[in-house]
Amino acid sequence: KRRVGVMISGRGSNLKALHAASQAEDSPYSIVMVVSDNAAAPGLDWATENGIPTFATSADDGREGFEHRIHAALEGMKVEAIALAGFMRILSPEFVARWQGRIVNIHPSLLPKYPGLDTHARAIAAGDEVAGATVHVVTDKVDDGPIIGTAEVPVEAGDTPETLAARVLEAEHELYPQALAHWLTR
Ligand code: GAR
């Protein structure tokens, strides 16, 4: 199985979905490490409870040292590919180059629409009838790069950013494990 490291900043619901799918015998990957920029991320506690090694480190002393520590931790666990799952920091071109073509990300919009933050509020404000999520290979352009998979959900009348986010998140949990598995076996 391919050794995947997952990077999170918070809740980690996509991490849980990726992990659940990885338990299947025919899964092409296993999650060997969870990394966070936030030592208080709930997803880290969940990983520890589930026996997955974790590494948390702060970026307060600057991005270079931060990324250097993460790189070393991932190398130490012989990680082959990185899945960003609610990781809310922008990785430097140097880090992306070191992991050239080996990082994927899930973003809560139908890219190229709404890169960046507040995707659901922007979709509602634009009057979109369809929203969704995108899994893509990470390049040094933010929320850009070759698309591996998308999932669409309807925007319902009366949706708030919160209700739409919940509907998209449910779709993410199905999309991400499938897209990751497909990409790793391409
Ligand atoms: C997910 O909706 C993910 O698409 C989004 O953050 C949420 C993380 O939830 N990612 C981004 O906005 C990346 N810029 P989770 O921690 O429960 O997986």
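Student: Which residues does UniProt list for "binding site", and which of this set does the lining of the largest pocket take in?
Tutor: The model is predicted, whereas the annotation comes from UniProt, whose unreviewed entry gives Arg-63, Met-88, Arg-89, Ile-90, Leu-91 and Asn-105 under "binding site". From this set, the residues that belong to the lining of the largest pocket are Met-88, Arg-89, Ile-90, Leu-91 and Asn-105.

Student: How is confidence scored for this predicted model, and what is the mean pLDDT of the chain?
Tutor: The model has an ipTM of 0.99 and a pTM of 0.98. Of the residues in the chain, 100% reach a pLDDT of 70 or more, and the mean pLDDT is 98.

Student: Where does Leu-91 lie, and is Leu-91 buried or exposed?
Tutor: Leu-91 is placed in the loop between β4 (81-84) and α4 (93-98). Not counting residues up to four places away in sequence, Leu-91 touches Met-7, Arg-63, Glu-67, Leu-84, Val-96 and Ile-103. Its relative accessible area is 10%, and because buried means under 20%, Leu-91 is buried.

Student: What is the relative accessibility of Asn-105?
Tutor: Asn-105 belongs to strand β5, and its contacts, not counting residues up to four places away in sequence, are Leu-84, Thr-134, Val-135, His-136, Val-138, Asp-143 and Tyr-176. Asn-105 counts as buried, because its relative accessibility is 9%.

Student: Which residue does UniProt list for "active site", and why does this residue count as buried?
Tutor: The unreviewed UniProt entry lists His-107 for "active site", and this residue is found in strand β5 (residues 103-107). Leaving out residues up to four places away in sequence, His-107 touches Tyr-114, Pro-115, Gly-116, Thr-119, Gly-132, Ala-133, Thr-134 and Asp-143. Buried means under 20% relative accessible area, so His-107 is classed as buried because its value is 4%.

Student: Which residues are joined by a cis peptide bond?
Tutor: Most peptide bonds are trans. In this predicted model, Pro-112 lies in the loop between β5 and α5 (119-125). With omega at about 15 degrees, a cis peptide bond joins Leu-111 and Pro-112.

Student: What is the phi of Asp-118, and is Asp-118 buried or exposed?
Tutor: Most residues other than glycine have a negative phi. Asp-118 is found in the loop between β5 and α5, and its phi is positive, at about 55 degrees, although it is not a glycine. Tyr-114 also has its place in the loop between β5 and α5, with a positive phi near 55 degrees, but Tyr-114 is buried at 16% relative accessible area. Asp-118, by contrast, has a relative accessible area of 59%, and because exposed means over 50%, Asp-118 is exposed.

Student: How many of the ten residues of helix α1 are buried, and which elements do the buried residues pack against?
Tutor: Helix α1 (residues 13-22) is mostly covered, with seven of its ten residues buried, namely Ser-13, Asn-14, Leu-15, Ala-17, Leu-18, His-19 and Ser-22. The elements against which these buried residues pack are β1 (2-8), β2 (29-36), α2 (42-49), β4, β5 and α6.

Key:
Residues are numbered from 1 along each chain as its sequence is written. This is a predicted model: local features need pLDDT of at least 70, side-chain atom pairs count only at pLDDT 80 or more; totals for chains, interfaces and linings use all residues. Side-chain values use heavy atoms; hydrogens and water are left out. UniProt positions are given in the numbering used here, feature names are shortened, and annotations may be inferred rather than shown by experiment. Helices (H or I, at least four residues) and strands (E, at least two) are DSSP runs, numbered from the N terminus. Buried means under 20% relative accessible area, exposed over 50%, partly exposed in between (1.4 Å probe, protein chains only). Contact means heavy atoms within 4.5 Å. On a 1 Å grid over the protein atoms alone, a cavity is a set of points where a 1.4 Å probe fits but cannot get out, and a pocket is an open set with protein on both sides within 12 Å along at least five of seven lines; lining residues have an atom within 4 Å of a point. pLDDT is the predictor's confidence in each residue, from 0 to 100.
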